[in-house]
Amino acid sequence: MKKYVITTLLLFLLVGINAVSVSAKVYKENGISYEVKHKEAIVIDAETWEGELTIPSTLGGFKVTGIGSYAFSGKQYEKVTLPDSIKEIGTDAFRNNEKIQSIQMPANLQYLNTRAFSGCSALSGIKFNAKLKEIGYRAFSECISLKKVTLPDSLFSVGEEAFERCYKLNSIKFGKKLAGVGERAFYKNYALKTVHIPSNVNEVEKEAFKKCEDLKKVTFAGSRTKLAEGVFANCISLKKITLPKKLKSVPEKLFYGCKGLKSIKLPETATILKKKAFSYCSNLQSIKMSKKTYAIGDGTFAYTGLKKISLSPNMQFIGNGAFRGTELKSIALRSKVTFIGNKVFADCKKLRSISIPESVRGINPGAFNNCTSLRAIHVAAGNKNYSSQDGVLYNKNKTKLIQYPLHKTNKSFRTPSTLNSIRSNAFSGNAYLENVVVKSKTIGEYAFSGLESLKSVTILSGTTKISTGCFMGCRNLTRLTLPDSVSSIGYGSFESCSFSKVHIPSSLKYLGDNVFEGCTKIQEFEGGTGAKYKVRDGILYNSDQSTLIKYPPKKAAKQFTVPNSVRKVRARAFEYASNLTKLEFGTKLQSFGYHAISEAKNLKSIVINSKKLHSGYYNAVSNCNRLAVIVGPNTSEMRWMASSANATLITL
């Protein structure tokens, strides 16, 4: 269809009625203005703005063959009569005529151009002629009263957005010679209930029927009609559809959000199901797949109601999130499957077990995230890349732990001695583990996050990296053993845990922000004898004590004077310091991190002796409800701090 549009546009530019010569002379007869081209009259205006408009078949002795661009745009005629001699109606010719209710197209009309009747909100009836070839871009868009359209057999093209937002259009009959339906041609035709696509249609373009919310049934007479992206997306009432028999691929988002679709049979020729083709079809429970299908794209069945599926024996590739959030309880991966995409089964909360065939060479991260019913992962003995032990998924030689089943009910787990790394999210969400012993050079991001039954973690010597959010949200974790071999602890690694003592490894070179955020029960830090971090009186600093990193929230002292060496206080350093009533800073203090002093429920006063404070002062103190005064120099920074903390400033 695209070649028709391009050809037509070129025709208009070269010889069409839209290519108006700047030297063309305007004539007038009986209040109607016109131009003469090639011995034919083109109507370009009329003196009347409303009432009845009748265009004669001749003007000045010349046959009237066209209505020019913008000729009657915005005028409010109640009745329009056009002569049968007209072959073309130009761009915006009758646009936004809000009073015209019906119109009969001239017998010789061939082209209806861009927005010709767009916005004619009262137009409820159109009688098309038998010679019309093309309906242009947005020709009848936003004709919100239009209810029924019968297109002639002569028509070969319905342009982009031709009938978009015709909210009341409930019936459309296509002609036998129709070759293409343009992009968004019937977008948001809410009342449309059935569609039959004729056999001559070569292609239905992108989102042609998107958001036709009452559309229930679609049939195709032709076997080779091509479909573009999202043709039926968000058709929430669609229940029955018969796809073209020789369709080779199911396009992206073809049925995205079709909540009424319960089952579907794919053509035998379909080899690829593309990205998000059935995503969010929440009631889709079963699908009959072609034996020739070898690839399922990203998110193809994500968040559908899919309960079972039989994969093609030729299946090779399963894309990222392909079955994410489905109702699958089990699935048999075929012997030709080579790659399993990222998060392919994530959020499949009913999936109980899965077997990995010999052919699989790659399983991307998060493939089984949040599969809370998964009891075991099995791997075929002949697989050269993966293995399983007691239902836990590893690489072949067990140097990498990939996934621990989230419904595995063991209370304790110890990593194999061969382990070098634990993949991100590997244990995240398991509800049963209480005790883990880990030796792994690297522990991936969020690997143990959200384990609410976890009470004890022993990390053995040889472990060097604890990544971002590793034990985040383990609210019942009361005992933590960290070895001196650990050199890196990532952002928020122990957020909201409940241990009372923390050993700071001597080899620690990097400590991310908010590592101990929400750890309200820490009484003291221990260790901290390395080159980068120091512990003094149970408080954590950097090596030269120029930065105060964390004050233990449950430290018993009621008053604390920060060492004068401290120039910077890290974000949330005094968060939940519940016993403190008075806090004093020295003369070298320069900056506060975000909410450096927050939720300190008994804090009554803060003394700041420095005149060098230059950053972080506005949000340094928050939610300290008993704070009465901040004492410090009379500077704009101190005034801002006191104001944002809702405290009185007493100047030094």
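1. Two strands count as paired if DSSP finds at least two bridges between them. Strands (E, at least two residues) and helices (H or I, at least four) are DSSP runs, numbered from the N terminus. With that rule, the bridge partner of F585 in β55 is I608. Strands β52 (residues 582-585) and β55 (residues 605-608) run parallel and are joined by 4 bridges.

2. On provenance: this is a predicted model, in which local features need pLDDT of at least 70 and side-chain atom pairs count only at pLDDT 80 or more, while totals for chains, interfaces and linings use all residues. Residues are numbered from 1 along each chain as its sequence is written, and side-chain values use heavy atoms, with hydrogens and water left out.

3. The β52/β55 pair belongs to an open sheet of 5 strands with parallel pairing, in the order β50-β52-β55-β57-β58. At its edges are β50 (559-561) and β58 (648-651), each of which pairs on one side only. From one strand to the next, the twist averages 10°. Axes here are lines fitted to C-alpha atoms, for helices over the stretch in contact, and angles run from 0 to 180 degrees between N-to-C directions.

4. Helix α2 (residues 636-645) lies across β55, β57 (629-632) and β58. Its direction is at about 170° to β57. Contact means heavy atoms within 4.5 Å.

5. A second open sheet has 6 strands, also paired in parallel, in the order β22-β24-β26-β27-β29-β31. The edge strands, each pairing on one side only, are β22 (249-250) and β31 (362-363). Between β22 and β24 (residues 272-273) there are 2 bridges in the parallel sense, and V250 stands opposite L273 in β24.

6. Where is T293? The residue sits in the loop between β25 (286-288) and β26 (295-296). T293 counts as buried because its relative accessibility is 0%; the cut-offs are under 20% relative accessible area for buried, over 50% for exposed, and partly exposed in between (1.4 Å probe, protein chains only). Apart from neighbours within four places in sequence, T293 is in contact with A270, T271, L273, S312, N314 and M315.

7. How many disulfides does the model have? Taking a disulfide as a pair of cysteine sulfur atoms within 2.5 Å, the count comes to 0. C212 has its closest cysteine sulfur, that of C235, at 5.1 Å, which is too far for a bond. C258 is likewise in no disulfide, with the nearest cysteine sulfur, in C281, 5.0 Å away. Both C212 and C258 count as buried, at 0% relative accessibility.
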